[in-house]
Amino acid sequence: VRTAGRWVLWSHVAGVLPDYRRRKLGAGIKWAQRTWALDNGYDQIRWTFDPMQAGNANFNLRVLGAVTSKISQNMYGIYDDALNPGLPTDRFEAVWSLDDPRVTTRADGHLPDVLPLPSLALLAYENGSLVRQPLGKSPSAARVEIPVAFSALGREDAALARDWQTNLREVLTGAFAEGLSVVDFIRNDGRCWYVLGRI
């Protein structure tokens, strides 16, 4: 696919059957894909993933070292299945720069240390409510919370799930417009956070 003036490899699906999950097969597929891409003249792979799914966020950002600064609203229409609780299919566009130090370090088997979370929480779930904070003037870092288990939340409290999805989309659209990118994903004290920074 040609995007942003360059040719990139677009990855549509890299899935593993349920009985074979948690065996690092998904990571093996992606690292093999990286090797093939580099051998065939690509230095970047892109794909989409659901910003509300913590497992996908952890895999794409923390394990693989992808980043994102683009969120699309309802990209594939409304789905109602095991993962999608009848809500719009918002999607991040993951950018995996294959020779970036973030990626090469991980390819060598070294996950980066978990750094302290930025103090600025643009979106957080506090005392039963979603709380938004203004971005302010040119922050260098921020954090945004997502549910631990969004699919389950969507079936238990559809209104809260929809509200969380809408707020996440709005907060990140604003942050991306100010030059921030999602650069990491952190699980901390039973909560899930996107880490935003400048790259």
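I then noted Arg143, whose charged end sits over the ring of Trp193, 4.5 Å from its centre.

Before going further, I wrote down that this is a predicted model, in which local features need pLDDT of at least 70 and side-chain atom pairs count only at pLDDT 80 or more, while totals for chains, interfaces and linings use all residues. Residues are numbered from 1 along each chain as its sequence is written, and side-chain values use heavy atoms, with hydrogens and water left out.

**Aromatic pairs**

I found eight aromatic pairs in the structure. Rings of Phe, Tyr and Trp (its six-membered ring) pair if their centres lie within 6.5 Å, and planes under 30 degrees apart count as stacked, over 60 as edge-to-face and the rest as tilted. Phe92 and Tyr194 make an edge-to-face pair, because their ring centres are 5.4 Å apart and their planes stand at 75°. This pair links distant parts of the chain, with Phe92 in strand S8 (residues 91–97) and Tyr194 in strand S13 (residues 191–197), 102 residues apart. Helices (H or I, at least four residues) and strands (E, at least two) are DSSP runs, numbered from the N terminus.

Are Phe92 and Tyr194 buried or exposed? I read a relative accessible area of 0% for Phe92, which is buried, and Tyr194 also counts as buried, at 0% relative accessibility. Here buried means under 20% relative accessible area, exposed over 50%, and partly exposed in between (1.4 Å probe, protein chains only).

I next took Tyr125 and Trp164, which form a stacked pair at 5.2 Å centre to centre, with 20° between the planes. Tyr125 belongs to strand S9 (residues 121–126) and Trp164 to helix H5 (residues 158–177), so I noted a link between distant parts of the chain, 39 residues apart. Tyr125 is partly exposed, with a relative accessible area of 27%, whereas Trp164 is buried, at 5%. I also noted a cluster in which ring pairs link Phe49, Phe92, Phe176, Phe185 and Tyr194.

I traced an open sheet of four strands, in the order S3-S4-S8-S5 and with mixed pairing; two strands pair if DSSP finds at least two bridges between them. Its edge strands are S3 (9–10) and S5 (71–72), each of which pairs on one side only. S5 and S8 run antiparallel and are joined by two bridges, and Ser72 stands opposite Arg91 in S8. Helix H1 (residues 25–39) packs on this sheet, touching S3, S4 (44–49) and S8, and its direction makes about 145° with that of S4. Contact means heavy atoms within 4.5 Å, and axes are lines fitted to C-alpha atoms, for helices over the stretch in contact, with angles from 0 to 180 degrees between N-to-C directions.

I then followed an open sheet of five strands, ordered S10-S9-S11-S13-S12, again with mixed pairing. S10 and S12 (181–188) stand at the edges with a single partner strand each, so one side of each is left without a neighbour in the sheet. I noted a twist that averages 25° from one strand to the next. S9 and S10 (residues 129–132) run antiparallel and are joined by four bridges; Leu123 stands opposite Arg132, and Glu126 has Ser129 as its bridge partner. In this hairpin, which has two residues between the strands, Asn127 takes a positive phi near 50°. H5 lies across S9, S10, S11, S12 and S13, running at about 165° to S9.

**The nonpolar cores**

Which residues touch the most other members of the largest nonpolar core? I found Trp96, Val144, Leu172, Tyr194 and Leu196, in a core of 43 residues. H5 gives the most to this core, with eight residues. A nonpolar core is a set of buried Ala, Val, Leu, Ile, Met, Phe, Trp, Tyr and Cys residues joined through side-chain atoms within 4.5 Å.

Methods:
Lys NZ or Arg CZ within 6 Å of the ring centre and 35° of its normal.
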